[in-house]
Amino acid sequence: GWRSRAAFKLLELDERFKLLKPGQRVVDLGAAPGGWTQVALKTIGDRGRVVALDLLPIDPIHGAVLLEGDFTEQAGEDAVLAALDGQADLVLSDMAPNTTGHNATDHLRIMGLVELAADFARRVLAPGGGFVAKVFQGGTEKELLAALKRDYAQVRHAKPPASRKDSAEAYVVAQGFRGSND
Ligand code: SAM
């Protein structure tokens with residue numbers, strides 16, 4: 001079984017956008033307890049690899065490199081880069097900060113994480129690669145959206161059925177990375 005209900009969200013996003021393929025190198029940010037990593041591994045198989053990071057420890061998952069660290073800190077990002085040791089085909093971020101209950105603050109915090117993840121994706125993705133990140137419904141900030149549209153052939157927003165209707169979460173899905181890591 002899957003370790004998280006969140007696993008179903010990635011399954012649904014993958015069904016709609018065909019994100020996962022055998023042999024891919026996948027980065028999973030905000031990965032605990034590991035549902036998305038499990039879903040990714042199932043499709044990418046033995047030739048693929050997953051590097052997963054979270055603030056919280058993740059119980060071992062065969063075939064994945066699991067890192068404990070803060071992605072907003074250089075050390076966290078460096079640990080992912082070292083484990084990846086090259087380019088990635090897919091960067092996933094289900095990172096979510098603890099909510100404060102104050103909407104504007106929560107919105108700013110999650111968008112900060114999305115921007116960091118997008119910036120990271122632009123630096124590590126191979127041409128044709130994909131980027132998926134949790135955002136607030138109402139979508140991605142104009143500036144980030146414009147940057148994604150410049151860097152990827154296709155950018156969409158999606159709220160998978162497994163995402164609670166009353167939650168403000170949605171996902172931005174960018175595919176077809178145009179391939180300049182500058
Ligand atoms: N996709 C996961 C799964 O299927 O099991 C669920 C992820 S959960 C919704 C969000 C995760 O983001 C939490 O485990 C949280 O610790 C992590 N997170 C939040 N801020 C983070 C940060 N700065 N660095 C790393 N992980 C972070």
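In which loop does Asp-85 lie? In this predicted model, Asp-85 belongs to the loop that runs between helix 3 (74-84) and strand 4 (88-93).

View A. Although Asp-85 is not a glycine, its phi is positive, at about 50°. With a relative accessibility of 67%, which is over the 50% cut-off, Asp-85 counts as exposed.

**View B. Lys-18 in the loop between helix 1 and strand 1.**

**View C. The cis peptide bond from Ala-32 to Pro-33.** The omega angle of this bond is near 5°, and Pro-33 itself is found in the loop that connects strand 1 (25-29) with helix 2 (35-44).

**View D. The crossing of helix 4 and helix 5.** The axes of helix 4 (residues 103-124) and helix 5 (residues 142-151) come within 11 Å of each other and cross at roughly 20°, an angle under 35 degrees, so that helix 4 is roughly parallel to helix 5. The crossing in which helix 4 passes helix 5 is left-handed. Helix 4 contributes Met-111, Val-114, Glu-115, Ala-118 and Arg-122 to the contact, whereas helix 5 contributes Leu-144, Leu-148 and Asp-151. Sorted by class, the contact of these two helices comprises 5 nonpolar and 3 charged residues, with no polar residues.

Definitions and conventions. Residues numbered from 1 in each chain as written. Predicted model: local features only at pLDDT ≥ 70, side-chain atom pairs only at ≥ 80, totals over all residues. Heavy atoms only, no water. Axes fitted to C-alpha atoms, helices over the stretch in contact; angles between N-to-C directions. Helix = DSSP H or I, 4+ residues; strand = E, 2+ residues; numbered from the N terminus. Parallel < 35°, antiparallel > 145°, perpendicular 65-115°, else oblique. Left-handed = near helix turned anticlockwise from the far one by under 90°. Contact = heavy atoms within 4.5 Å. Nonpolar A, V, L, I, M, F, W, Y, C, P; charged D, E, K, R; others polar. Buried < 20%, exposed > 50% of the residue type's maximum accessible area, 1.4 Å probe, protein only.
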